[in-house]
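Subject: Structure for your review

Dear colleague,

Please find below the structure that I am handing over to you.

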Amino acid sequence: MESLELESIDLQKLSVRQLNHYLHHEIGTTSPSRVEILNPNGLHNIAVGLDAPVRVDVRGHGGYFLGGMNRQARIVVHGNVGWSVAENMMSGEVQVKGFASQCAGASAHGGLLFIEGSASSRCGISLKGGDIVVGGHVGHMSAFMAQAGHLVVCGDAGAGLGDSLYEAVIYVRGKIHSLGADAREEPMAEEDYATVGQLLSRTGLDCSPREFKRVASAKTLYHWNVDADQEY
Amino acid sequence: MCGIIGLLIKPESKRSRLGEWVTPMMDCMGDRGPDSAGLAVFSPVGDGPLRRFSLFCGQPGFDWTELGKAFERDTASEGNLSAIENHGRLVSPIAPESLEEWLSREFPSVHLLSTGRSIEVYKDQGHPAEIAERYGFAGLAASHCVGHTRMATESAVSPAHAHPFTAGEDFCLVHNGSLSNPWSLRRRLEKRGVDFETDNDTEAACRFLEWRMREGESLEDALKAAFIELDGFYTLLMATAGKLVLVRDAFACKPAVVAETEDYVAVSSEFRSLAHLPGIRSAELFEPVPEEIYSWSL
């Protein structure tokens, strides 16, 4: 296998702004295809807005918005992340080996976010077409108002799953604490098994698509119902 | 926004390092709350009748020596007074109500920040890093502490509105969030004889919990009542002489992260303020879940 050129950047020596400037402007010209970030120490906005086909390894724990707005990069975090990892991702891939705090993958338009551990509340909030796979559990209000894309949860889901869901589809292997307004469990069809199987195969997680339940929108909130008396 | 921090050091041999470990936590969380800050530290004053009183006076150049002399003369109580800038620290066997009564009569500009056999509170207006420097937080030795960096959203920026808030003895609370029913809570407590010092929402939560404890409940049971009674957003970090307690409201909008090693339990709004702690790479790290009571005892 061809060895990759590796650039190592230490965030105890460079600021996040300098790191991101480098990732935005110099990748592709000097062309290292692989960048390693040392001592992330929970700093915010690491590797945001990447638009180059680079692999980024973050060696430690990241802060808020890590990998946000990603377009082309594959980012692997060897640790945990704070709020809103891969928020508004357009395409590409972000993998978190530890756990993710709130709002993981918020409003992601595309790409794959893979969290090996658990994700906290509001995972996949307002998802707009991206795919999220969580190896562990997700917290309350996950996939709130999710519009398109998939959330695959190998563990349990917290309270209010899929509240006010639009066209995104949620697959849960474990227990669902409770469903949010207008979310309902539906039978799995062959295409659901195929979707889950395809997403799981991209992560290497070893579970069977047959073990998952499908949650989707009942669509009762799509139109205003004057007789509903605001009781949903 | 606001930042909260807390640290409990397990082995006695490492408690001399509390200030050294917690000061960078506070400096870092200054990003979340730059207008004022405070720290409550706990270390037992010893058995016997002595109590620790933390005093604050906002008058520049206030003569603490004069207060110390007047205290011994007027109250016939022994008192060991030391002071740094706006803060005085009195160790004395005097009853808290007698001290309060004497202060309001003789030195009405001096406020009693905390009372107890273990607690000591520092709080002031200004950037947290500057406050930590001013009061020498880095040199503090104690078993545990809670701190706060404030970005005021709800009531005035003043030393009195800075956290931690205290009520009763050896109890304090810091809060990230905002309550929407502090005034109804306050009216109910005032009818029961509870006095307030500020118009701050956090003070209502602090006095509510202390009132429940005074009525005989444990802090944990008082918090179960608080989950029903407190309306709003909160991550609350509390300490008593023997423990550190953390809760988040049902929505858990306000962040918190916990790191535990064999040497310490550290709590902060954000991981980055814990990154300097020894052994953090192998610490057990987790995010507290909503409406769960986390309690760590000495």
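This is a predicted model: local features need pLDDT of at least 70, side-chain atom pairs count only at pLDDT 80 or more; totals for chains, interfaces and linings use all residues.

Residues are numbered from 1 along each chain as its sequence is written, while chains are lettered from A and ligands numbered from 1 in the order in which they are written.

Overall form of chain B

Chain B holds seven helices and 16 strands; helices (H or I, at least four residues) and strands (E, at least two) are DSSP runs, numbered from the N terminus. The radius of gyration of chain B, taken over C-alpha atoms, is 18 Å, close to the 19 Å that the globule rule gives for 298 residues, so chain B is as compact as a globular protein of that length. The globule rule is 2.2 Å times the number of residues to the power 0.38. The C-alpha trace of chain B spans about 55 × 45 × 35 Å along its principal axes. Of its 298 residues, 46% count as buried (20 or more other C-beta atoms within 10 Å of the residue's own, with C-beta atoms placed from the backbone). Among contacts in chain B with a separation of 6 or more, 73% link residues 24 or more positions apart; a contact requires C-beta atoms, placed from the backbone, to lie within 7 Å.

Domains and cores

Chain B is assigned domain 1 (3-42 + 125-297) and domain 2 (45-117), with bounds from an automatic or database domain assignment. The centres of the two domains, taken over C-alpha atoms, are 24 Å apart. Eleven residues of domain 1 and eleven residues of domain 2 of chain B form their contact. On the domain 1 side there are six nonpolar, two polar and three charged residues. Here Ala, Val, Leu, Ile, Met, Phe, Trp, Tyr, Cys and Pro count as nonpolar, Asp, Glu, Lys and Arg as charged, and the others, Gly among them, as polar.

The largest nonpolar core has 77 residues, of which B:C145, B:C172 and B:A205 touch the most other members. Such a core is a set of buried Ala, Val, Leu, Ile, Met, Phe, Trp, Tyr and Cys residues joined through C-beta atoms within 7 Å. Helix α1 (residues 18-29) of chain B gives the most to this core, with seven residues. Both domain 1 and domain 2 of chain B give residues to this core, so it lies between them. Apart from it lies another core, of 68 residues, among them A:A52, A:I75, A:A108 and A:A143.

Sheets of chain B

An open sheet of five strands runs in the order β9-β10-β11-β12-β16 (chain B), with antiparallel pairing; two strands pair if DSSP finds at least two bridges between them. Its edge strands are β9 (165-166) and β16 (294-297) of chain B, each pairing on one side only. Within chain B, β10 (residues 171-179) and β11 (residues 232-240) pair over nine bridges, and B:G177 stands opposite B:Y234.

Elsewhere in chain B, four bridges join the antiparallel strands β13 (residues 257-260) and β14 (residues 264-268), with B:V258 opposite B:V267. A hairpin of three residues connects β13(B) to β14(B). β13(B) also pairs with β15 (residues 284-286) of chain B in the antiparallel sense, over three bridges.

Contact between the chains

Twelve residues from chain A and nine residues from chain B make up the contact. The chain A side divides into two nonpolar, ten polar and no charged residues.

Yours sincerely

How values were computed. Two residues are in contact if their C-beta atoms, placed from the backbone, lie within 7 Å. A residue is buried if 20 or more other C-beta atoms lie within 10 Å of its own, exposed if 12 or fewer, and partly exposed in between; C-beta atoms are placed from the backbone.
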